[in-house]
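Try each task before reading its solution.

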Amino acid sequence: MRTRRRTQLRAASAAALALALAVAAGGCGDDGDSGDGTIQLTFTWWGSDSRHAYTQELIDMFTAEHPNIEIQPTFSDFDGYWDALATATAGGNAPDIIQMEERFVREYVANGQLLDLNTVSDVLDTSQLDPAALAAGEIDGGLYTIATGFNAFAIVADPQIVQDAGFEMPDDTTWSWQDYIDLTVDISEAGGGDYFGAQAFGTNEALFNIYARQQGEALYNADGTLGFTAETLAEFWDLALEQIERGGTPGPEETVEIGATGPDQSLLATNRGAFGTWWTNQLGTLSGSAGRELVLLRQPGESTGVQPGMYLKPAMSWSISANTEHPREAAMFVDFLLNSPEAGEKLLNDRGVPANPTVRDAIADQLPPAEQQVADFMSELAPTLGEAPPPPPTGAGEVVDIMQRIYEEMLFGNLTTTEAANEFIEQVQDAIAT
Amino acid sequence: MATNELLRTTDTADSYRGPRRRPWWQSLLIHGGLVGFGLVMLYPLLWMLSSSFKPTDIIFREPGLIPTELEPGNYVQGWTALLHPFHRYIFNSLVIVACSIVGNLLACSMTAYAFARLNFRGRKLFFAVMLATIMLPIHVVIVPQYILFNELGWINTFYPLIVPKFLAQDAFFIFLMVQFIRVLPRELDEAARIDGCNHWGIFWRVIMPLSMPALATTAIFTFIWTWNDFYSQLIFLTDPDLATVPLALRFFVDSQGDTSWGPLFSMSIVALVPIFGFFLAGQRYLVRGIATTGIK
């Protein structure tokens, strides 16, 4: 017994010593380039396994052409991504090439963390890109991020359920919000509890932005202030509540429960609802989960308001760290991602319908059916759209949570729609003022 | 202490007759109720197990417990779909977990011994400071930590996850062991001192063997917490080659809805196996009383 304990002790102290040595060895930094002149870049993105796999292939394609460049990938899921990126940036160790999201751009720009891409325009060609791809990144005269591609916030419909309920598919070029609500109520009645007209709307700020734009207002102004009145928001929520109260959607409890899940657990995906509001890039997941074909429609009210409200939203965007040691090489890689048709063949629509029309055309016949539909829908939609919205203000990332919280309070009758609208404006102003 | 324990032992011997006198239908009812309650508690786990065998697209369309279609391919796909086969991530996690356990056992027990048995200036203050660190949320300390480890060149190594454990950073376990060591009779220390032990001897030959239950608790919880720790691993390990199990599981998740649920659930089941096994193996140490260990 005693000898065994002694050996354990010796083993433990040996381990501690080894560790101390390793610590000392690890102390030498290894940042920058390796001795042989290879340029090392880090590249970070969020996504799931399929995106990780093809993005690695993109890196391999690029480094095969540029053997002097090495790209170290980093990836995680969306929620963890922003924590990790913020920490790394605060620690002065931001990745060179960053997958951005419009709601976070201003924050990073305000802290001087993103490179003005105009400074590398000799290797990063933006001339072929759709102008909307640059709109989201133009802040104070600089260009800080370029859209990877576009999505639009649309209605997804299940024609099978509409038909089962005994109705015709609506004409989405003329329908009003009232038409939409009436139709969903009728479908719910026909469904008798087996299926509903729609999954409730009202928690998504993108949809409210569309509604506000239809009324000639906007969620945010170009100077980063709020661009809508409390009356407009109250009207929007009145419509949302009307749909729930009249039975066009499941009741409040179930609405909150379903709202908390992703598209693959939504009413459309489980064959229990005729309509829902989703981003166009989610169509593939929705119809895959539903096991049948779903179709994209325009939002209601596009032709009945002051102006059309739908817009092309950058799905995500590419940025380069202001602290990168190799802005030119990083820009070359971003150029490859945006403008190379070979890269487009890997990307397809996964990061939005490509911003470069040449790439868009090159991949058109390689898309799976659902993505084909998205591409067609977007190109049909594009000419009818209003101006692209300006980049959202700093702190816009919090608006999702604020909207969700106030919506639920209102749903369960603790706030009237007018009170809720005022509360929302107050809280959002606090959030974006910081 | 020891006498108390003995008394309790005789108590249990007496009370053994209790259940035997209970009519059969009553124990049937009680056990039936307990089994039923256990099943309700287990349901989410069973659901995950059953869903791990369903094709991804029917998981939420047919949420019942019995799969209508069997898809064992989820396991193959989950194991191979990521950049590395899944055992690479398990190995990474195991390395971190093993080092963390060794570190916590050594460092926390020594620190606890100092707090419980030594008199030094500022002991109460340091103890209070140590307790205060438990209350700091990780989000507060993560950025300073990141800057520190970045300066040391430790980002993308296991050091930020392991070295602090060797420096008794897990205040919870120190607290646990301080409480445990405080109730050990000081007479044992004094006896050891008379026999010629210094502090190291008392710590190693008297306190440590008597602290087996506390050490086991520390080891088990260190295992579970480190194995499940997502946040600090996310921050410090950005190289996919070094990814651990919690990070790898998140690789399957996509907030925009393209989550590979089947492979995710199947690998979650795989990820549960080591914890489950470790807990089963360690559980009896958790319940073993101090007196029995002391007498042996």
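The exercises below use a predicted model.

**Exercise 1. A helix in chain A**

Task: What span is expected for helix α7 of chain A, and what lies around its buried residues?

Solution: 
- Start with the length. Helix α7 of chain A covers residues 177–191, which is 15 residues.
- The expected span is 1.5 Å times one less than the number of residues. That gives 21 Å, and the helix reaches 21 Å from its first C-alpha to its last.
- Next, list the buried residues. They are A:W177, A:Y180, A:I181, A:L183, A:T184, A:V185, A:I187 and A:S188.
- Now find their cover. It includes α6 (159–164), β9 (196–198), α9 (230–245) and β10 (273–279) of chain A.
- Finally, step past the helix end. A:G192 follows α7(A), and its phi is positive, near 55°.

**Exercise 2. A sheet in chain A**

Solution: 
- Write down the order: β12-β7-β14, paired antiparallel.
- Look for strands that pair on one side only. These are β12 (313–314) and β14 (353–354) of chain A, so they are the edges.
- Check one pairing. Two bridges join β7 (residues 149–151) to β12(A).
- Locate a facing pair. A:N151 stands opposite A:K313 of β12(A).

**Exercise 3. Where the chains touch**

Task: Which helix of chain B gives the largest share of the side that touches chain A?

Solution: 
- Count both sides. Chain B gives 38 residues and chain A gives 45.
- List the chain B helices with at least two residues each: α5 (86–117), α7 (138–151), α8 (159–166), α13 (231–236) and α14 (245–251).
- Pick the largest share. It is five residues, from α7(B).
- Sort the chain B side by class: 23 nonpolar, nine polar and six charged residues.

Key:
Residues are numbered from 1 along each chain as its sequence is written. Chains are lettered from A and ligands numbered from 1 in the order in which they are written. This is a predicted model: local features need pLDDT of at least 70, side-chain atom pairs count only at pLDDT 80 or more; totals for chains, interfaces and linings use all residues. Helices (H or I, at least four residues) and strands (E, at least two) are DSSP runs, numbered from the N terminus. A residue is buried if 20 or more other C-beta atoms lie within 10 Å of its own, exposed if 12 or fewer, and partly exposed in between; C-beta atoms are placed from the backbone. Two residues are in contact if their C-beta atoms, placed from the backbone, lie within 7 Å. Ala, Val, Leu, Ile, Met, Phe, Trp, Tyr, Cys and Pro count as nonpolar, Asp, Glu, Lys and Arg as charged, and the others, Gly among them, as polar.
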